[in-house]
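The sequence and the three-dimensional structure are shown first, and the description follows.

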Amino acid sequence: MPRYLVSASSFISGTYKAETPDAAVRLYIQDAGYQSVEAAAEASGQSVERFRRDLIVIDDKFMSEPDPRDGYDYDPQED
């Protein structure tokens, strides 16, 4: 099953296993405690269209694993 990274307001909100990007958004909404996209949009004072437009959904097959040379494997416990 594909995995999708969902980002809102420039923050990575999570990665969700789902059949489609819309299904990943529904999982994100449920994780945030809302029953539907409509309820989440209403709580944020936005239209559904605006709320959905503010979300970024990326199929994680387009994401690469971090290169250890970039410092992502830094463990402060080792210092």
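Contact, as the word is used here, means heavy atoms within 4.5 Å. By that criterion, and not counting residues up to four places away in sequence, Tyr 28 touches Val 6, Ala 8, Ser 13, Tyr 16, Phe 51 and Leu 55. The model discussed here is a predicted one.

## Overall arrangement

The secondary structure of the chain consists of three helices and three strands. Their order along the sequence is β-β-α-α-α-β. The chain has 79 residues, and buried residues make up 25% of them. Of the contacts between residues at least 6 apart in sequence, 31% join residues at least 24 apart.

## Strands β1 and β3

Strand β1 spans residues 3–8, and five of its six residues are buried, so the strand is largely enclosed by the rest of the structure. Its partner is strand β3, residues 55–59; the two run antiparallel and are joined by five bridges. Within this pairing, Tyr 4 stands opposite Asp 59.

Asp 59 is itself part of β3. Its relative accessibility is 17%, and it counts as buried because the cut-off for that class is under 20%. Leaving aside neighbours within four places in sequence, Asp 59 is in contact with Arg 3 and Tyr 4.

## Salt bridges

How many salt bridges does a search of the whole structure find? The search finds three.

| Pair | N to O separation |
|---|---|
| Arg 3 and Asp 60 | 2.5 Å |
| Asp 22 and Arg 52 | 3.5 Å |
| Asp 54 and Arg 50 | 3.4 Å |

The salt bridge between Arg 3 and Asp 60 has its closest N and O atoms 2.5 Å apart. Arg 3 lies in strand β1 and Asp 60 in the segment after β3, so this pair ties together parts that are 57 residues apart in sequence. Arg 3 is partly exposed, with a relative accessible area of 37%, whereas Asp 60 counts as buried at 18% relative accessibility.

In a further salt bridge, the side chains of Asp 22 and Arg 52 meet at 3.5 Å, N to O. Asp 22 belongs to helix α1 (residues 21–31) and Arg 52 to helix α3 (residues 48–53), so the pair ties together parts that are 30 residues apart in sequence. Asp 22 is partly exposed, with a relative accessible area of 45%, and Arg 52 is partly exposed as well, at 26%.

The remaining salt bridge joins Asp 54 to Arg 50, with 3.4 Å between the closest N and O atoms. Asp 54 is partly exposed, with a relative accessible area of 31%. Arg 50 is also partly exposed, with a value of 41%.

The buried residues of α1 include Ala 23, Ala 24, Val 25, Tyr 28 and Ile 29. An α-helix has 3.6 residues a turn, so residues three or four places apart point the same way. Helix α1 is followed by Gly 33, whose phi is positive, near 95°.

Is Lys 17 buried or exposed? With a relative accessibility of 58%, Lys 17 counts as exposed, because the cut-off for that class is over 50%. Lys 17 is found in strand β2, residues 11–17. Not counting residues up to four places away in sequence, Lys 17 touches Met 1, Pro 2, Arg 3 and Leu 27. The C-alpha atoms of Lys 17 and Pro 2 are separated by 5.7 Å, although these residues are 15 residues apart along the chain.

Note on methods: Residues numbered from 1 in each chain as written. Predicted model: local features only at pLDDT ≥ 70, side-chain atom pairs only at ≥ 80, totals over all residues. Heavy atoms only, no water. Buried < 20%, exposed > 50% of the residue type's maximum accessible area, 1.4 Å probe, protein only. Helix = DSSP H or I, 4+ residues; strand = E, 2+ residues; numbered from the N terminus. Pairing = 2+ DSSP bridges. Salt bridge = Lys/Arg side-chain N within 4 Å of Asp/Glu carboxyl O.
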